[in-house]
Structure formats: structure tokens, C-alpha cells
Amino acid sequence: MRAQAKLGLFLLLSPLLLWLTLLILIPHVDMLLVSLRERIGVGQYQIGLGNYFTFFSEPLYLRTFLRTAVMSILATAITLLIAFPVSYYIAKMARGRVRSALFLLCLVPFWVSELVRTFGWMILLRETGIISNLLQILNLTDGPVELLYNDAAIMVGLVYTSMLFMVVPLVTTLESLPDEVIEAGYDLGGSGLSVLREIVIPHAMPGIVSGCIVVFMLSLGNYLTPTMLGGKDSLWFTELIYSQFIVRFNWELGAAFGFMLLILSSTIVWGMLKLTGQSLEKTMG
Amino acid sequence: MIPSIPRSRFLTASYTAYIVLFFIFLALPLVVVAVFAFNDSQFPSLPWEGFTWSWFFGDARPMIGVFHERPILRAIGTSAIVAVFVSILSVGVGLSNAFLFNRYRFPGQGILYVFMLLPLVIPGIVLGISILVASSRAAEGLWDMAQWDVAALRPGLTLVILGQFSFVATIATLVIAARLQKFDQTLEEAALNLGANRLTAVRTVTLPYLMPAMIGAFVVAFLMSFENFNTTLMLVGSDAPLTIAMFDRLKEGSTPLLNAVSLLLMLVSSGLALIMIFAQRRD
């Protein structure tokens with residue numbers, strides 16, 4: 001029986017280990033090694049931090065990196081602000097059928113490819129688009145207005161794209177807060193604001209954290225939205241990685257960029273978890 | 001603020017208005033994409049030139065519909081093949097992982113579980129380039145050592161499947177593990193008492209119980225693979241899946257053909273989502 005249990009453990013362990021070693025661990029080690037080599041001649045390399053040095057000494061790279069980080073944090077904050085009242089409404093105000101219907105409606109757009117969603121915003125925002133036409137019909141502007149190709153358009157796209165990943169964890173945690181607890185808060189003399197601050201938000205914290213982590217990751221790693229909705233000046237860090245890898249074929253620098261992105265995302269995710277006293281198992285698992 | 005606590009009418013009204021606005025915001029891009037699939041014009045924008053089915057069924061230039069546009073049809077086929085492979089792999093590995101973490105206790109389990117979650121917090125594009133780098137180094141190594149040219153290690157569908165699998169597997173694991181957690185193990189013990197061996201007990205009792213979660217995981221994996229862009233972008237070879245093919249066209253300028261493809265995608269994926277909801281609601 002013990003031997004059988006060992007065999008079972010071994011059989012179940014092997015796919016997991018194969019997956020994590022071959023597709024996650026080794027590729028990342030390889031990427032680190034490639035990022036640490038410098039080209040000194042045709043087919044000749046030496047080990048060094050040259051690629052990282054290039055990253056830090058070139059203002060365009062560093063500026064794009066920081067800009068991507070700041071805009072992703074901003075997108076996460078805006079998504080949270082928009083999603084929280086909606087999730088609260090679905091979890092606590094709506095009842096029965098209405099609640100499930102609203103929740104399903106929130107999910108629908110996200111079963112559609114990100115490409116389609118971005119395409120929709122392009123049709124709406126561009127110079128010949130719906131909103132521009134609408135403004136002209138209402139006589140609010142004289143000529144066509146270009147609403148596409150700027151940072152605000154990127155922001156709209158990012159917030160839209162990641163809305164689901166904020167709403168679902170928020171609704172799930174808010175649903176588990178009993179109405180009686182909120183009532184008790186009011187009975188004890190709390191106002192709407194203090195009940196929100198002292199009861200609802202602390203209770204929703206795991207949901208807020210997991211929502212924020214996912215939304216931040218999706219924004220930071222997004223390539224499609226900034227490329228399609230952003231203009232010439234609104235470069236996203238993933239676009240730099242893509243161009244180093246596919247256009248310039250400079251894998252060494254591209255791998256260093258990839259690593260910087262990984263470090264940035266892990267640091268911010270880790271910081272968010274530490275700041276709120278959550279753990280990855282609890283928020284994701 | 002809950003329904004049992006009285007509030008001012010103004011507050012209720014503005015809250016409701018906010019919710020309505022939010023859902024308009026959600027629906028707007030999709031509605032626009034769908035509507036302009038029927039515009040009788042070369043561009044998916046105003047003015048409205050009249051209703052047409054040409055972007056679906058048209059077979060003459062300049063209006064070749066989806067069903068006569070070979071490259072798009074081929075891309076849909078490619079995406080479907082990739083998605084099926086990714087889903088089968090992910091559900092298989094996910095099932096194995098779920099049993100591993102639910103039924104066994106072994107040293108290092110906690111760390112392994114966190115490690116298993118990591119693909120969710122690695123940006124998709126980083127997953128893509130790391131697999132690209134590793135596979136091409138492996139290919140170079142094999143060539144240098146034994147003059148083997150392994151086509152599967154060059155950018156192409158095999159790498160796309162592996163790249164998508166590398167993070168979809170985590171999601172499949174979580175979906176299946178969540179249901180296995182709720183399983184009453186005494187049912188399995190009853191089967192053992194009735195003379196079944198371990199494997200039979202799992203096959204006849206536990207697996208049927210897990211079936212809704214497995215179908216759910218399969219559908220989620222299929223959709224995630226079908227819509228994946230970032231990881232695929234870095235690993236794609238000459239056969240482009242649909243999202244990549246559409247992206248290339250969108251860069252050149254869009255015709256309502258793309259709207260028609262998008263509308264079909266919406267219909268298929270909402271259909272799949274409905275199947276999943278019913279599969280999970282059946283019990």
C-alpha cells in the first residue's frame with residue numbers, strides 16, 4: 001500500500017514538475033543567461049551587465065519603463081474606483097435574478113477577444129468614428145475630432161479590458177459579507193462613509209488585492225491596446241521588447257528588457273501583498 | 001448602504017444611473033463592432049450606407065465575406081487546432097495537479113503550490129520570449145551536438161501551444177482543484193468498501209463528480225487560448241492564428257470584414273460560455 005501511494009505521488013508529480021521546469025524555470029534561466037551576455041564580435045560573447053547598463057543609460061528606455069509602470073498603476077486605480085460601486089451594487093443591492101443577470105452581463109464582453117474590444121474602441125474614437133460624428137451632429141465641434149492615438153485612449157482601453165478581473169473578485173468577497181454586519185454598523189451610529197471605511201473595505205480587501213494584482217499585470221504586459229490606441233509618443237515597454245526581439249533581432253537587450261519587466265511586476269505585486277498582509281496562495285488560489 | 005437601510009431618493013437614483021452608465025460603457029464597443037458588420041461600405045464607420053450581408057457571404061471583390069475569405073478561414077482553423085491541444089493538455093495536467101495537491105502531503109508542497117501559481121503573475125510577453133529563447137538555444141545545442149534540426153523548436157504552432165499551455169494549465173488546475181476540494185471523500189471510501197480498487201473508485205465516483213469542473217476548465221482553456229495574443233505574438237511562425245491574422249490586417253486598415261469575423265467570434269464564445277454555465281448549473 002505504501003509503495004502504491006509512492007507510485008501515485010510520483011505519477012501525479014511528474015506532469016507538474018515537467019511543466020514547471022521545462023516551460024517556466026528553464027526558459028527564465030535561459031533568458032537571464034542571454035540577458036547577461038554581451039556581443040563582442042560575430043558569434044562571440046562575454047558575460048557582463050552591458051545590456052542592463054544600456055537600459056539604464058538610454059533615456060528612451062528608462063522613460064518608457066517608468067511611464068509604463070505609472071500608467072499601469074493609474075489604470076489599476078481607475079479600474080478599482082469604477083468597479084467597486086458596480087460590484088457593491090451587484091453583491092449587495094441587486095437581488096435574485098437581477099443579480100445573476102447583471103453579473104453575467106459583466107462577464108460577456110470578456111469572452112470576446114481583446115482584439116475585438118480594442119477594435120470597437122477604434123471605431124468609436126477615431127477621427128471618422130462614432131463619437132466624433134456625434135459631437136458634430138450635436139454641433140459641439142466644428143470639424144472631426146481625433147480622439148484616438150493618445151494616452152487617454154490607452155487608458156480607456158486598459159480600464160475596459162481589465163474590468164472583469166476587478167469585478168469578479170470584488171463581487172465574490174462582497175457577497176460573503178452578511179447584511180447584518182452592515183446593519184449593525186449603522187445601528188451603532190455609523191454613517192454611510194464610516195461603515196464603508198470600517199466594515200466594507202476591510203472585508204473586501206482580499207478581493208481588492210487580487211483584482212488589483214491581475215489588472216496591474218494585464219496592463220503592464222499589454223501590447224495590443226497601447227499599440228492600437230496609442231500614438232507615436234505613447235510607447236509601451238512591451239513594444240520595446242517586441243522590437244528588440246522581432247525587428248532588431250537583438251535578443252540580448254530584449255531579454256534584459258524582459259527581465260526588467262519581470263522584476264518590476266514581481267516587485268509591485270510583492271509590495272501590494274506585503275502592504276495589505278495578504279499572500280499569493282490566499283489571493284490567487 | 002443596503003436595501004434594508006433607508007436612503008435618500010436622490011442617492012438611489014444617482015447610484016442606479018451610474019450602474020446604467022457602466023453597462024452602456026461595457027456594451028458600447030461590442031455593439032458598435034457588431035452593427036458595422038452590416039454596413040454596406042468599405043469602412044467600418046459612419047455614414048451608414050445601408051444594410052448588407054456581403055461581409056459574411058459576399059464572394060466578389062471588393063466585398064469578400066468571411067465565408068469566402070480563405071486566409072481568415074485558415075486562421076480560424078489554426079486557432080481552433082491550437083486551442084484544442086492547449087485545452088486537452090491543460091485539463092489533463094490540471095486534473096493531475098488537483099489530485100496531487102488535494103490528496104497528498106509531501107515536503108515542499110507549499111512552495112510547489114506557490115510556484116504553480118507564478119505563471120499567473122508573469123506577463124504573457126515575458127513567458128513568450130523566455131520560451132522563445134530557451135527553445136532556440138535548445139535547437140542550436142542539438143544542431144551543434146548532433147546536427148539535428150528539430151523543427152518543433154523553431155517558432156511555430158508547437159511553441160504557440162506550449163507557450164499558451166504554460167499559463168492556462170494554472171487556471172485549469174485552480175478550476176478543477178476548487179471542485180475536488182468540495183468532494184466528500186467518504187463516497188470514495190464507500191466504493192472501496194464495496195470492493196472497488198482505488199482506480200475504479202476514482203474513475204466511477206470521483207471523476208463523474210469532477211466532470212462539470214473539467215468541462216468548465218476545458219471551455220475556459222479553449223477561450224483563453226483562442227483569444228491569446230501576447231504569448232502567441234512572440235512564438236508564432238508562418239501559420240498565424242486568428243488573433244495574429246486579424247492584428248496584421250487591422251494595422252493595414254480595417255474593412256467591415258473584421259467586424260463580421262468579430263461578430264462571429266462573439267457569437268461562438270458567448271455560446272461556449274453558456275454551455276459552461278449550464279454544465280456547472282446541472283447539479
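**View 1. Chain B as a whole.** Of the 283 residues of chain B, 41% count as buried, a residue being buried if 20 or more other C-beta atoms lie within 10 Å of its own, exposed if 12 or fewer, and partly exposed in between, with C-beta atoms placed from the backbone. This is a predicted model, in which local features need pLDDT of at least 70 and side-chain atom pairs count only at pLDDT 80 or more, whereas totals for chains, interfaces and linings use all residues. Residues are numbered from 1 along each chain as its sequence is written, and chains are lettered from A and ligands numbered from 1 in the order in which they are written. The model scores ipTM 0.85 and pTM 0.86; chain B averages a pLDDT of 84, with 91% of the residues scoring at least 70, where pLDDT is the predictor's confidence in each residue, from 0 to 100. Chain B holds 11 helices and 2 strands, these being DSSP runs numbered from the N terminus (helices H or I, at least four residues; strands E, at least two). With a radius of gyration of 24 Å, well over the 19 Å that the globule rule gives for 283 residues, chain B is more spread out than a compact globule; the radius is taken over C-alpha atoms, and the rule is 2.2 Å times the number of residues to the power 0.38.

View 2. For residues 207-226 of chain B the corresponding distance is 26 Å, in a span that is 100% helix and 0% strand.

**View 3. The side of chain B that touches chain A.** In this pairing, 68 residues of chain B are in contact with 67 residues of chain A, two residues being in contact if their C-beta atoms, placed from the backbone, lie within 7 Å. Helix H1 (residues 9-35) of chain B supplies the largest share of the chain B side, 11 residues.

View 4. The buried residues of helix H11 (residues 237-247) of chain A include A:Phe237, A:Leu240, A:Ile241 and A:Phe245. Their cover includes helix H3 (59-93) and helix H12 (251-276) of chain A, together with helix H5 (124-146) and helix H9 (230-235) of chain B. Leaving aside its neighbours within four places in sequence, B:Ile129 is in contact with residues including A:Ile241, A:Phe245 and B:Met234.

**View 5. A:Phe249 in the loop between H11 and H12 of chain A**. The phi of A:Phe249 is near 60°, a positive value in a residue other than glycine. A:Phe249 counts as exposed because it has 9 C-beta neighbours inside 10 Å.

**View 6. A:Ile47 in strand E2 (residues 44-47) of chain A**. A:Ile47 is exposed, with 9 other C-beta atoms within 10 Å. Apart from its neighbours within four places in sequence, A:Ile47 is in contact with A:Leu36 and A:Arg37. From C-alpha to C-alpha, A:Ile47 and A:Leu280 are 34 Å apart in space, and they are 233 residues apart in sequence.
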